[in-house]
Amino acid sequence: MIELRPDGLTVDDVDFDRAGGLVPGVVQHATTGQVLMVGFLDRAALETTLATGLATFWSRSRQEQWTKGETSGNTLAVRSVEVDCDRDTLLMHAIPAGPTCHTGDATCFGQHARPGSFVHELDAVVASRHRERPESSYTTRLFDGGVRRIAQKVGEEGVETALAAVAQEDEDLLGESADLVYHLLVLLRSRGLGLEDVERVLRERHG
């Protein structure tokens, strides 16, 4: 079950009455920070979201509750739900199972909703490759080679990055660094981990 917020806030603390029984829910990609969509929730929709972990809304046009992706399969797995200072707007962090928009776009806001970090976007692409294993993909070949092979690549890229730092130009160092970050993301994903797990450790050390 998803918690509304770790400070003990409950569904009863959300002010549904202010907007006539519905509150807007802004859905943000849990790893990239990209805004995916906006929907409206009544109390029952929020309770269903928290209980199932799938983003669920109230359809104002159909006058019924609906779970995102219940027909298309493009669900939104909710990681956390926050409420704003007025307690009448929700921020939902979620991982999409496919394109969020009915048009087939990743977000309902098109190119205007840019990710907060390209590294997070890349991590999401690596995760998708791990799930789907498309043919002719270099990332797929890495995953098929197993953890040992990927770890070897990370080691090679690490050495090349270090050498570039002491013996080559800035562009060479940046290129090798990019290769190292990419292969590290693949290695993490091969172990069932991702960039957010590394960030969590960094936050814990910082804090």
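Okay, some ground rules before the tour. The model is predicted, so local features need pLDDT of at least 70, and side-chain atom pairs count only at pLDDT 80 or more, while totals for chains, interfaces and linings use all residues. Residues are numbered from 1 along each chain as its sequence is written, and side-chain values use heavy atoms, with hydrogens and water left out.

Let's start with the overall picture. The protein has six helices and six strands. Those are DSSP runs numbered from the N terminus, with helices being H or I of at least four residues and strands being E of at least two. What order do the elements come in, from the N terminus on? They run β-β-α-β-β-β-β-α-α-α-α-α. Taken along the principal axes, the C-alpha atoms fill a box of roughly 65 × 40 × 30 Å.

Next, burial. I'll say "buried" for under 20% relative accessible area, "exposed" for over 50%, and "partly exposed" in between, with a 1.4 Å probe and protein chains only. By that rule, 35% of the 207 residues count as buried. One of the buried ones is Gly 194, with a relative accessible area of 2%. Gly 194 sits in the loop between H5 and H6. Leu 4 is 190 residues from Gly 194 along the chain, and their C-alpha atoms are separated by 24 Å.

Now have a look at helix H4, where you'll find Val 154. Is Val 154 buried or exposed? Val 154 is buried, because its relative accessible area is 15%. In sequence, Val 154 and His 183 are 29 residues apart, but in space they are 5.7 Å apart, C-alpha to C-alpha.

Helix H4 also holds Val 166, and Val 166 counts as exposed, at 70% relative accessibility. Together with Val 159 and Leu 163, Val 166 makes a nonpolar patch on the surface, with about 310 Å² of accessible area for the three. For patches, the residues must have over 30% relative accessible area and no salt bridge; like charges are joined within 9 Å, and nonpolar side chains (Val, Leu, Ile, Met, Phe, Trp, Tyr) within 5 Å. The areas themselves come from the Shrake-Rupley method with a 1.4 Å probe, and for residues only the protein chains shown count as cover.

Which residues gather in the patch of negative charge on the surface? They are Glu 169, Asp 170, Glu 171 and Asp 172. Here Asp and Glu count as negative and Lys and Arg as positive, while His and the chain ends are not counted. Each charge is placed at NZ of Lys, CZ of Arg, CG of Asp or CD of Glu. Glu 169 belongs to the loop between helix H4 (147-167) and helix H5 (170-190), and Glu 169 is exposed, with a relative accessible area of 59%.

On to salt bridges, meaning a side-chain nitrogen of Lys or Arg within 4 Å of a carboxyl oxygen of Asp or Glu. How many salt bridges are there by this rule? The count comes to 13.

Here are a few of them. Arg 18 pairs with Asp 15, and their closest N and O atoms are 3.7 Å apart. Arg 18 is exposed at 51%, whereas Asp 15 is partly exposed at 25%. Then Arg 43 bridges to Glu 47, with the closest N and O atoms 3.2 Å apart. Both lie in helix H1 (residues 43-52), four residues apart, which is about one turn of the helix. Arg 43 is partly exposed at 36%, and Glu 47 is partly exposed at 37%.

Over in helix H6 (residues 195-206), Glu 204 and Arg 200 are separated by about one helical turn, because they are four residues apart. Their side chains meet in a salt bridge of 3.6 Å, N to O. Glu 204 is exposed at 53%, and Arg 200 is partly exposed at 38%. There is also a network: Arg 149, Lys 153, Glu 156 and Glu 157 are joined by salt bridges that share partners.

Last stop, the cysteines. A disulfide is a covalent bond between the sulfur atoms of two cysteines; the cut-off used here is a pair of cysteine sulfur atoms within 2.5 Å. This structure holds zero disulfides. Cys 108 is in none, and its nearest cysteine sulfur, that of Cys 101, is 4.0 Å away. Cys 108 counts as partly exposed, at 40% relative accessibility, and Cys 85 is exposed, at 75%.
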